[in-house]
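This report looks at how parts of one chain pack together and at the open space left beside them. Please keep the sequence and the coordinates in view while reading.

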Amino acid sequence: MTVMEAARLLGSAIQEDPRFADYRDASALAAEDEQVKALSDNLQALQAQFDEEAVKENPDEKLLNDLQEQGSAMYQTIYQTPAMTRMMDAKEGMDSMMNEVMNFLYLVIGGADPKTVEVTPETMQQMQAEMMQM
């Protein structure tokens with residue numbers, strides 16, 4: 001088996017993992033959520049207004065600051081909606097899985113036995129210490 005064949009198997013396993021399905025489903029729900037859509041449209045309008053003001057010869061700095069504050073507040077509001085909160089929670093699960101996979105690969109590339117090595121804080125510290133000695 002080639003490395004790419006193994007990578008394809010890994011890709012299939014990732015897509016079969018419940019964390020992948022949860023993230024995919026949560027992302028789709030967030031993309032279709034009416035509250036998220038409305039808030040995102042408002043954020044885009046604020047961004048367009050900011051961009052329009054920013055390119056003026058003498059932009060109104062107070063207006064730019066106000067628009068930036070409104071945009072930041074809108075962004076926070078978007079991420080506090082139930083749909084986006086669910087998506088971000090699901091993303092944390094995916095990120096955790098991918099970090100574990102990447103750490104496993106780092107350990108193996110560093111010489112660990114792929115059949116027995118476990119990704120633990122201890123093995124990661126050992127790998128980092130060995131890399132620092134190189």
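Leaving aside its neighbours within four places in sequence, with which residues is Thr81 in contact?

## Basis of the model

The model is predicted, so that local features need pLDDT of at least 70 and side-chain atom pairs count only at pLDDT 80 or more, while totals for chains, interfaces and linings use all residues. Residues are numbered from 1 along each chain as its sequence is written, and side-chain values use heavy atoms, with hydrogens and water left out.

## The loop residue Thr81

Beyond its neighbours within four places in sequence, Thr81 is in contact (heavy atoms within 4.5 Å) with Gln35, Val36 and Leu39. Thr81 belongs to the loop between α4 and α5, where helices are DSSP runs of H or I of at least four residues, numbered from the N terminus. Its relative accessibility is 2%, and Thr81 therefore counts as buried (buried being under 20% relative accessible area, exposed over 50% and partly exposed in between, with a 1.4 Å probe and protein chains only).

## The nonpolar core

A nonpolar core is a set of buried Ala, Val, Leu, Ile, Met, Phe, Trp, Tyr and Cys residues joined through side-chain atoms within 4.5 Å. The largest one here has 12 residues, among them Ala26, Ala30, Val36, Leu39, Met84 and Met87. At least two residues of this core come from each of α2 (18-32), α3 (34-54), α4 (61-79) and α5 (82-109), and the largest share, 4 residues, is that of α5.

Ala30, placed in helix α2, is buried at a relative accessible area of 3%. Neighbours within four places aside, Ala30 is in contact with Val36, Ala83, Met84 and Met87, and Met84, on the same terms, with Ala30, Val36, Ile78 and Tyr79. The C-alpha atom of Ala30 is separated by 38 Å from that of Thr2, 28 residues apart along the chain.

## The largest pocket

On a 1 Å grid over the protein atoms alone, a pocket is an open set of points where a 1.4 Å probe fits, with protein on both sides within 12 Å along at least five of seven lines, and lining residues have an atom within 4 Å of a point. The largest pocket has a volume of about 220 Å³, the volume being the space filled by probe spheres set on points joined across faces, edges and corners.

Of its 13 lining residues, Tyr106, Leu107, Gly110, Met127 and Glu130 lie nearest the centre of the pocket. Both α5 and α6 (121-133) supply at least two lining residues, with the largest share, 5 residues, coming from α6.
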